[in-house]
Amino acid sequence: MLILLLFAVIAIIAAILVVSMKNIMHCALFLALFLLSVAGIFFYLDADFLGIVQILVYVGGIIVLILFAVMLTSRVSSALLEQTNEQKGLAIAACLLLAAAITAAAFRTPLATTLNPVKAEGTTHFTGELLLTVYALPFEIASIVLLVALIGAIVLAGKKGE
Amino acid sequence: MMFLPLIGLSAIIFAIGVYGALTRRNAIGILMSLELMFNAANINLVTANKYLNLENSVGIIFPIFIITIAAAEAAVGLAIILSLYRQTKTVYVEKINIMKW
Amino acid sequence: MKKKSASDAGKKAFITNKFGDFGFSIGIMMIFAFCGTLNFGEVADAISKGTLSGSALTLAGILVFCGAVGKSAQFPLHVWLPDAMEGPTPVSALIHAATMVAAGVYLVARTYFLYAASPTASAVVAYTGVFTAFFAATMALVATDIKRVLAFSTVSQLGYMIMALGVGGYTAGMFHLTTHAFFKALLFLGAGSVIHGAATQDIRDMGGLGKHMKITMVTFFIACLAISGIPPFSGFYSKDEVLLAAFNYSKPVYIVATFTAFMTAFYMFRLFFRTFTGEMRTKLHPHESPYTMTIPLMVLAALSIVAGWLFVQGHAFESLVHFKEGAAEEGNALVVWISIAASVIGIGLALAVYVLKIVPDGFFRNKFPRIHKVLINKWYVDEFYDKTVIKPSLNLARRLFSFDAKYIDGAVNLTGIINVVISKLHNVFDKAAVDGAVNGVAEAAQSGGGLLRRVQTGLVQNYMLLLVAGAALAVVVFFFVK
Amino acid sequence: MNTVSLKDFIYLIPESFVLCLGILILILDLFTPVNIRRKHVLNISVLGLLLSLPLLVYAPPKGLILGDMVSIDTYAIFFKCIIVLSAVFALTMAKFYAPIKDEVIGEFSALVVFAVLGMMFMVSSSDLLMIFLSVEFVSIAFFILTGYIKNDPKSAEGALKYFLIGAFSAGIFVYGMSLVIISTGTSNLKAMSGILHAPAGYSPLFLTGFLLMLVGFGYKIAMVPFHTWAPDAYEGAPTPVTALLSAASKAAGFAVLLRVALAAVTGRADLVLALAVLSALTMTAGNLMALQQNNVKRLLAYSGIAHSGYILMGVVAACSGTEPELGITSVLLYAFVYMLMNIGVFAVIIAFFNKTGNDDMQSYSGISKSNPYLSLVLVVFLVSLAGIPPTAGFIGKFYVFSAIIKAGPKFLWLAIVGIMNSVVALYYYFRIAYFVYFGAQKDDGKVEITAGLAVIAGVTAGLALLVCIYPGPFISAAKVSVLIP
Amino acid sequence: MLLTLVTFIPLIGGLALLFVPKGKDDIVRGIATAAAAVALILSVIVLLGYDKSLAGMQFVEHRIWIPSLNVTYYLGVDGLSIAMLVLTTLLSLISVIYSYNITSRVKEYFFFFLLLETGMLGVFLALDFFLFYVFWEITLVPMYFLIGIWGGPRKEYAAIKFFLYTLFGSVIMLLGIIALYFASPSHTFNMLELAEQAPTFTKLFQNVIYAALFIGFAIKVPVFPFHTWLPDAHVEAPTAVSVILAGVLLKMGTYGMLRVSFSILPQAVLYFAMPLAVLAMINIIYGAYCAMAQKDLKKMIAYSSINHMGYVLLGMAAMTTAGLNGAIFQMFNHGIITGALFLLVGVIYDRAHTRDIEGFGGLGSIMPVYTGIMMVAVFASLGLPGLSGFWSEFMCFLGAFQVQNTWMKIITGLSAIGIVVTAAYFLIMIQKVFLGPANEKWKSLPEINRRELITVVPLIVIMVVLGFLPRIVMELSSKNVDSMVKMLGAIKP
């Protein structure tokens, strides 16, 4: 319980820092911290496979990608510039409204919550089985999506056709 | 029972992500905020999977796909940003408004 | 300029008649609505059966009479006839003034069953007639254009006929119509001959023409006697019958009619004396007209003399027209003598003024300049119409059109008030930008689009904010407004 | 856990065919010299897509397969045909669209083919997971296609805006989904429908989640106020992509929206009302903003927004009562009709672009004197877009209005709003005609009518007329494709 | 088959035009004339074969068109439409001939023109509501281009105004049509079937639908206050198009009311009779006064159309035999007379390039033949007995006056003021333009030429002939009107 609380607090603080730090590089690092703490929450909620995926794909992939992009555009990403725009007030209002509405809706919804028993061997095997049966098609499609993204990234970022 | 607090946590993170996406001037910053939003959804799903009886354990499968899509989007998005950067030498979205009205 | 006034007159005649026809057509429709037929006989039957009666009948009668008022130039639609004298030749004026206008009288006579059944309607007819007779006669007293005098006299005589019909003397009216046709034709052709000979229409420029145009003078004289009602000329017989009918109907009507007879005699002989007697006032070279013109004059003169007498022999005319009005009324010696006396006095007065010069010429004009002016200006009826009907109509037309152009267009285009409001706002904020706002819809839509367009700032985060705001709003509305 | 028969993959033959086509093109691209790539690669992709049509039409519908993830029903097939057809047209157009360079034309056609594949999955999806996955698949493909013109800041800017808003709304979309899944316990539409129609099925959490999901759909179909990306993306994107985006992507969006709405909205008066309000807003805002435009592509983007409003009327009608058939038919027909006219209009725009070098209305001034054929065809499309007979647009509009009127007097106001809007719409459509026909002629030069564009314009114009003159087959095709929820 | 041929021959001609090579304008004109002439001949054949002793539909063609919607391709003529059919083909041919003076973009001009003719014919012949609507809308687009390309100085404005206005009306009408479809027990667009099912519609429903359809028709007529498109459109349109616009297109509105509202929504027609009469009155008086204020000859005649269509409305509002017959006859007459007037205005405009009434004068001596013809047309228009216009106007008034209702009588009476004003403005015009001293400026205006004579004289002949034998046209509609009056009488409370 305490561990969960800890992860949650870290996640929130890290998230706030991600959206408010001036130096974009720091933001990226706090994003990594955030993602790690979320992975911690996943572990706590018995989603160990997902936690691993989170660390591998996110921290190992996306964060690296982002850092790469930050460095490529570093000439303009100066830490001295104001990093937030003028619609801050409106944005805060909208976000608070949204969060409040969601939370209120959650509290007003009666759900039969029980603790799901977790299989002894963890979720990995179980997840794999699902991915090859019920979720076989999405699994296939996901791979095509990645292929498309790959081609796209090459076409857009590459020098071809210029 | 941590169900409702976790839902609340995800709502907060979601709101933070939305806020970031709305206010960051740097396109890469927006991209990072978007990741927060996706993670909020993931927390929701995983929590639900733990405390509710979801059909086909969709709660732990769905996040996998969300992460995949997030990765793909990040790749494409960064490519777009880089491509734009190469032409306009900026990543500040408010400078990108030749098309309007 | 002459042609212009001629075309003016044509227009005036047409439109004035249209006014009459307007009432007439409604009258016809009314009759049709009640009786389901327009056949005279069937309508008469329907009236006798009571299908059309009471105020409806009266109204129908009056409306039908409107047609006659227009066509026969009765007050208040008489204005066109004098102007129609502008017509190019006396012959066409003849057609116009002497015969065509008779159609109105004929109409009333033809539909006498309406008036016979409705005292009110017939009273309207009678009073209109007598008033017109008097009214036109007053104007004839001062007119100086030979054709105009004749035109006024025509109006006056038509008033006589109408009055006759109104007072129940259908035969008398028709009789006068017939005899009038002879001597009025004679007068017009005579006038034509005079104009032909003297090359002017203004009687002030004439005088002493009799020396050069004997035949014309004699025939004209006969016609003047006839119209004045001097026995035994035809006018005497018919006018006598008309006055008799009026006498039996109402004394005031009779008195006015008789006075009119006096005036008729006076102005006709005024015309005659000024034209044919005395000194020539201008250097004209008058000459008698060719035979082609004088022979018709002589024939008509003969008819003017004998027609009246012929028709009264054995009730010839009555049997010809046979109205179902019972036997002709008994002659009344008093009426006969009074009418002869009135005519004679009128002639005498004219003689006194224009030949014997007992009363100086211009005496009346100088003594009563105002009345003279009123009469010369035809009682200002034309001006009155101009002010009350024509100008307002044209104004109304212009107004309606500008209304049409400005408001209806604008308001409709914009589907209502929004346009007005917007244009008002424009007015307040930006006076210079105000214009008719005719294309309201387009404008309103355009400005609406313009406002909405501001949403599309080109800044992607504004878009995203809009998106979130939309979603948040939807959620809030859903939970809290419901 | 359900037993899932992987043999059911056999029903995905058309999809597999398209996938193989995409990969084939990628491979082919490697071995084709640059100078003949435009011709060969594009021809092969067009041919391949055309071949997939009979596969689609003659493959037997099956219903839910593969763990109820996708539904191979006639409804989906109808939309798939629309998608494939518009891709065929778009690729043919691309052949004559100079800004897409020869070097990248191979990847371009491959991406279009993959986008088609994504949309095919999209219209079949009957599970939130599949919906999310395929919607994002399509989005990603279109992000790339939008930014495809190198050296054109408009293209890159369009892509960035499209991407940022797309990813952002995807975030909201998926968050909404997570709430929906929490509240119903399932991601499957069929199961969800059952749960929702039980007593107390609609929980506040579900409604919140559904509204957030609506953002995602709204973004996809360019519904106000989630439409803001459309004008910029349409204007910036290469015109063939714009055509595909407006015709196919929108159709697919509606297909999946309608599928979800039928499962989740039917019988919920307030949600139907919300859709109705959105519909009215969408068409009004779209039309009013279109009035202001001078760039034809931008104008068509706004007009497309307005058309989304009209189609939403059909969705409202389908969800408002117990008899959804007419409403669904109207959505199907309208999507088809809209595809026809939009494709045609963009073909003409490309032809004019090739002459004038830009998409401004003013530059079309008097072009009808030198190009009577294209101008006349353009008029047919404009008339059709305005919904005036004897063109396809009229049939579409007629069906939508029929559906909404049949839904009863409670949505009469929506019909009237629709009516007002079609009058406003006429104004800006005919502003184009105004320039084309009434404007002062700028020069005598004729547009080099490339045979392919002429054929596309001619064929779509012919179809646009045929759909009104002989609508029987089209209507019955739509009718048999009605989704029975 | 005959009616289909009549309807589509112009379209076929129009399509054939498109294949004529560039620059061969004479061939284009020939084809257009031939197509219009064939249509006229066929319509005359229909007229000759038409049995006026029957009230039902004749020359019926009935085929399934869209089975799933129960839409049929259904054409037929009866007393309401036969006169309109001939009027349309006649005026179209005349306009085509008159249009020989169009020299720019000839091919497109005649294409749009013939397309327009097909649309108009379809409207008058269609008996299926869907088909009716399709044809109704088909007329819009060619008209837009005809005004917009070949029109006067403010053509774009006039064209789009016309288009927006009429489209607005027709889309509202579309709602009404759809609602009728769903309300009818057999879900049909068949007008005759709908008429049979009229008793099943509730009163409220009828009233609502009537209002919806009325807006559509009223804009076309045009009824005050929906009329403002008309002066603009007329003034800017080229002469031949003005002829068609005034001669035929306006009739679509009143024809629609007769064909649809009167037969399908009888209850509502009764309910709205009085408002319709009031609108008719406003149309008559307002139109007349507006016409009086005009300085532009063409605009004056445009407003006179509003005035004259008021008579039609009045006759219809009466719902009596005389009124309805008069209305139908007036529709025909107005087409002929106003058509002629527009042609004649076109003649003078082509010569003088101005239409300012004030600017002319004394044309009577410069162009005597032209003046004579103009006089006949004007007198026919202001309802001089002996010319065709008189009969129909009179019948309309007569019919309205027959109604046993004091208000109706008052309205009719007031409307009759319009006759006077009509006479006034026409005569003012005649005086200013044709009489008086000849204006030096126009001394050299050439007399009306042969082509123009060919177009105008037939219309003049018709005016005169119908002035003496009004029964030729009146007979055509009487059977239908009788049954319509009977039907309306039966449901009268």
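A polar contact is a pair of N or O atoms within 3.5 Å; within protein, one must be able to donate a hydrogen and the other to accept it, and residues adjacent in sequence count only if both atoms are side-chain atoms. By that rule, nine residue pairs are in polar contact across the interface of chain B and chain A, both residues being at pLDDT 80 or more. Keep in mind that this is a predicted model. Here's a quick tour of two of its interfaces.

**Chain B against chain A**
- Chain B puts 67 residues into the contact, and chain A puts in 84.
- Together they bury about 6,700 Å², with 76% of that coming from carbon and sulfur atoms.
- B:Arg24, B:Met32 and B:Lys50 give 11% of the area chain B buries against chain A, more than any other three residues.
- The rule turns up one salt bridge here: B:Lys50 pairs with A:Asp46, and their closest N and O atoms sit 2.1 Å apart.
- On the chain B side, helix 1 (3-23), helix 2 (27-51) and helix 3 (58-88) each bring at least two residues, and helix 3 gives the most, with 22 residues.
- Sorted by class, that side of chain B has 45 nonpolar, 14 polar and eight charged residues.

**Chain C against chain D**
- This contact draws 24 residues from chain C and 33 from chain D.
- About 2,400 Å² gets buried, 76% of it on carbon and sulfur atoms.
- Salt bridges come to zero, and one residue pair is in polar contact, both at pLDDT 80 or more.
- Helix 21 (440-453) and helix 22 (460-481) of chain C each supply at least two residues of the side touching chain D, with helix 22 giving the largest share, twelve residues.
- That side of chain C splits into 14 nonpolar, eight polar and two charged residues.

Methods: Residues are numbered from 1 along each chain as its sequence is written. Chains are lettered from A and ligands numbered from 1 in the order in which they are written. This is a predicted model: local features need pLDDT of at least 70, side-chain atom pairs count only at pLDDT 80 or more; totals for chains, interfaces and linings use all residues. Side-chain values use heavy atoms; hydrogens and water are left out. Contact means heavy atoms within 4.5 Å. Buried area is the accessible area (1.4 Å probe) that two parts lose on being put together, summed over both. A salt bridge is a side-chain nitrogen of Lys or Arg within 4 Å of a carboxyl oxygen of Asp or Glu. Helices (H or I, at least four residues) and strands (E, at least two) are DSSP runs, numbered from the N terminus. Ala, Val, Leu, Ile, Met, Phe, Trp, Tyr, Cys and Pro count as nonpolar, Asp, Glu, Lys and Arg as charged, and the others, Gly among them, as polar.
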